[in-house]
Amino acid sequence: MTIAPFRPGLGAPPVQTLPPGRWHGHIWVSDEPLARPERYLRCVAEFDRSGLWPVLIPHDQRFAVRGEDWLDDRGHLAPAAHRVGSADPAEVLARWWDSSCCDGACLRPFGARFPGLARRSHRRSDPLAEAGNTGSVLSARAPHRLGLVQTARPADIPAHLGWTGMIKSTDQVAELSAVLRSWEDRFGATLLSLGFDSLVLSVSAPPRNQARALTVAAEHRAFSLPTYLTQPGNLREYASGLVQARRWHFSWA
């Protein structure tokens with residue numbers, strides 16, 4: 001059964017019993033952190049029926065100390081979900097590839113040109129089951145509010161919301177969601193957590209060896225150079241950390 005579309009202001013989303021919450025623009029968010037992590041798993045299980053993808057909103061002390069909530073107290077870009085399909089992820093990442101950081105040593109085994117997209121991983125567990133389990137673990141380990149967004153694909157949520165978390169690098173949120181779509185398709189990488197300037201993805205089909213992980217590492221570096229620069233070592237060492245890694249974290253802080 002398909003649940004009819006809903007709009008902000010019409011009350012709680014029409015899914016299983018939820019904690020108290022309210023609308024923040026186009027996302028419904030619980031008022032308090034999830035006390036029962038299994039609720040995230042249940043929302044994932046209902047996604048095919050409800051069309052509502054659950055996204056975890058992490059506690060952010062930078063705003064808490066001021067009594068603020070970034071969902072309300074910081075700006076947004078114009079929603080851009082209608083433009084996601086027109087962006088080519090390979091072209092986007094090639095444009096974001098920054099080869100000016102050094103004399104080229106940090107880019108090895110690649111060079112000034114983006115090496116292209118990594119091949120699809122063929123062996124994977126169910127991406128939704130992986131996301132449900134990983135999201136439940138995240139919400140049990142640290143406080144997260146529960147958000148729900150009406151979307152056909154979790155990857156489109158930043159574009160739906162006009163998310164500004166990557167604004168230090170780009171204001172093209174539709175292009176960011178296009179890359180997330182490509183990762184969904186190739187690696188079962190599914191959006192779990194959306195912070196003010198951070199993303200967490202669960203990954204049901206991570207690269208299984210160093211050679212495959214190197215090209216994925218190049219994609220990560222193009223996608224979020226700030227994340228890459230916070231990691232010790234070079235591109236090969238970053239790639240080593242991606243082999244069989246079931247969670248990808250990005251930050252533009």
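I began with the lining of the second largest cavity, which divides into 5 nonpolar, 1 polar and 1 charged residues. For the classes, Ala, Val, Leu, Ile, Met, Phe, Trp, Tyr, Cys and Pro count as nonpolar, Asp, Glu, Lys and Arg as charged, and the others, Gly among them, as polar.

I noted that this is a predicted model, in which local features need pLDDT of at least 70 and side-chain atom pairs pLDDT 80 or more, while totals for chains, interfaces and linings use all residues. Residues are numbered from 1 along each chain as its sequence is written, and side-chain values use heavy atoms, without hydrogens and water.

I looked up what lines the second largest cavity and found Ala 155, Leu 180, Glu 184, Ala 189, Thr 190, Leu 191 and Leu 201. A cavity is a set of points on a 1 Å grid over the protein atoms alone where a 1.4 Å probe fits but cannot get out, and lining residues have an atom within 4 Å of a point. The largest share of this lining, 3 residues, comes from β5; strands (E, at least two residues) are DSSP runs numbered from the N terminus. The space in this cavity is about 30 Å³, a volume being the space filled by probe spheres set on the points, which are joined across faces, edges and corners.

I then searched the whole structure and got 2 cavities of 30 Å³ or more. The largest cavity holds about 50 Å³. Its lining consists of Trp 70, Arg 74, Gly 75, His 76, Gly 162, Trp 163, Thr 164 and Phe 196. I sorted that lining into 3 nonpolar, 4 polar and 1 charged residues.

Note on methods. 1 Å grid on protein atoms, 1.4 Å probe; cavity = no way out; pocket = protein on both sides within 12 Å on 5 of 7 lines; lining within 4 Å. Helix = DSSP H or I, 4+ residues; strand = E, 2+ residues; numbered from the N terminus.
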